[in-house]
Amino acid sequence: MTKTKAVFLFRLLLYCSIEILFQSTLCSSHKMAETTTTAAAAAANNKVIELKGPILVIGAGWCGERLCISSPDVFVATSRSQIKVDQLKERGVVNAIHLDLKDESTWSNVPTNLTGAVLTFALATEDLFALQKFWEVHLANIHVICYSTTSVYGMEVRTDNTPTCGSVVDEKSPLTGVGVSGKSLSDRIEAEEFALQKGACILHLSGICGDVEDGRSPAFMMKHMTNSLRNINYIHITDIIQITSLFVSDGRGSGHRVCVSSGAYTVGDICAVLGLEGEDVPPANPPPSKDLLPNKLIANDFLRSMLPKGYTFTPPLPGLLPIHSTL
């Protein structure tokens, strides 16, 4: 290991250790005031979202599990594996059931008095037959939220056929994006159209982040970055929980796609907040540098129009400000 790399890892480890200690203290104080029938309070106005359950959460991955823990008496987690159900309960998910959309024998486990549902998995056309039948039985006439990704949106194109650096992307942008592997997302988009026709709200999440102990801090990504001018769009798990709870509580956004992002942040600014210097900070390579692409700026105007007045997003890192959050 080179001396430069060793210094970088030491500084990163030091920052993470400090943040873990801070978050641990913060979490302990929060648990004392925890309630089981409300979602987390919005940071700006301390507004508590009153939820009436049960609300079904289909897919208990990283986001789904944390959503369920935020209001354990309201949200009902699901998994296609009974073993996973047992593991969820061991980790604090009070209400968890075995549910496989393609196995109708498990549908009887679903509460009959649902007030809402959150689908956290990637919709696919191959699942539509089962999903349509399940929808008619359990999801009709309730508020439904589906998680998606901002990757479904493409960017403006220059005459030389290269995406425009720093292109602003919103709900009016073309649905021509690709996944992280470069694979087309057309199948997912088609499946989402079914949910939209049923009145669901599609929440397109940008880069999901959390705290260090969650393994989702932006600090862990910096060693992979090669250009300090590159933008990264983030949304903190705290905001995902608050926004999901708000939308599923009263059906706002129904029948619409909504981009969910707190803003775009430069790699250089993230490094500065982390206290990285010198060779620990990637060089600033301006356009047409290929390592700037894709360099989307996810606009959140539509989202903000549906949030409480004065709502404040949780920053990816304490003190980190976005270069772009709304037009």
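1. Start with Val-137, which counts as exposed because its relative accessibility is 53%, and the cut-off for exposed is over 50%. This is a predicted model. Val-137 belongs to helix H4, which covers residues 128–139. Thr-112 is 25 residues away from Val-137 along the chain, with 9.4 Å between their C-alpha atoms.

2. Helix H4 also holds Trp-135. Buried here means under 20%.

3. Now the aromatic rings. The structure has four aromatic pairs. One of them joins Trp-135 to Phe-194 in an edge-to-face arrangement, with 5.5 Å from centre to centre and 85° between the planes. This pair connects distant parts of the chain: Trp-135 is in helix H4, while Phe-194 is in helix H5 (residues 186–197), 59 residues apart. Phe-194 is buried, with a relative accessible area of 13%.

4. Tyr-311 and Phe-313 also pair. Their planes meet at 80° and their ring centres are 5.2 Å apart, so this pair is edge-to-face; the cut-off for that label is over 60 degrees. Tyr-311 counts as buried at 10% relative accessibility. Phe-313 counts as buried too, at 12%.

5. A charge and a ring come next. Arg-216 places its charged end over the ring of Trp-62, at 4.6 Å from the ring centre.

6. Turn to the second largest pocket. How much space lies in it? The figure is about 1,200 Å³. Its lining has 41 residues, and those closest to the centre are Thr-149, Thr-150, Ser-151, Val-180 and Gly-207.

7. Which elements supply at least two residues each to this lining? They are helix H2 (62–70) and the strands S5 (143–149), S8 (207–209) and S9 (231–236). S9 gives the most, with four residues.

8. What is the lining made of? It divides into 20 nonpolar, 16 polar and five charged residues.

9. Look at Thr-150, one of the residues closest to the pocket centre. Where does Thr-150 lie? It is in the loop between S5 and strand S6 (168–169). Is Thr-150 buried or exposed? Thr-150 is buried, because its relative accessible area is 8%, and the limit for buried is under 20%.

10. Last, the contacts of Thr-150. Setting aside neighbours within four places in sequence, Thr-150 touches His-204, Leu-205, Ser-206, Lys-296 and Ile-298.

Methods
Residues are numbered from 1 along each chain as its sequence is written. This is a predicted model: local features need pLDDT of at least 70, side-chain atom pairs count only at pLDDT 80 or more; totals for chains, interfaces and linings use all residues. Side-chain values use heavy atoms; hydrogens and water are left out. Buried means under 20% relative accessible area, exposed over 50%, partly exposed in between (1.4 Å probe, protein chains only). On a 1 Å grid over the protein atoms alone, a cavity is a set of points where a 1.4 Å probe fits but cannot get out, and a pocket is an open set with protein on both sides within 12 Å along at least five of seven lines; lining residues have an atom within 4 Å of a point. Grid points are joined across faces, edges and corners, and a volume is the space filled by probe spheres set on the points. Ala, Val, Leu, Ile, Met, Phe, Trp, Tyr, Cys and Pro count as nonpolar, Asp, Glu, Lys and Arg as charged, and the others, Gly among them, as polar. Contact means heavy atoms within 4.5 Å. Rings of Phe, Tyr and Trp (its six-membered ring) pair if their centres lie within 6.5 Å; planes under 30 degrees apart count as stacked, over 60 as edge-to-face and the rest as tilted. A charge sits over a ring if NZ of Lys or CZ of Arg is within 6 Å of the ring centre and within 35 degrees of the ring normal.
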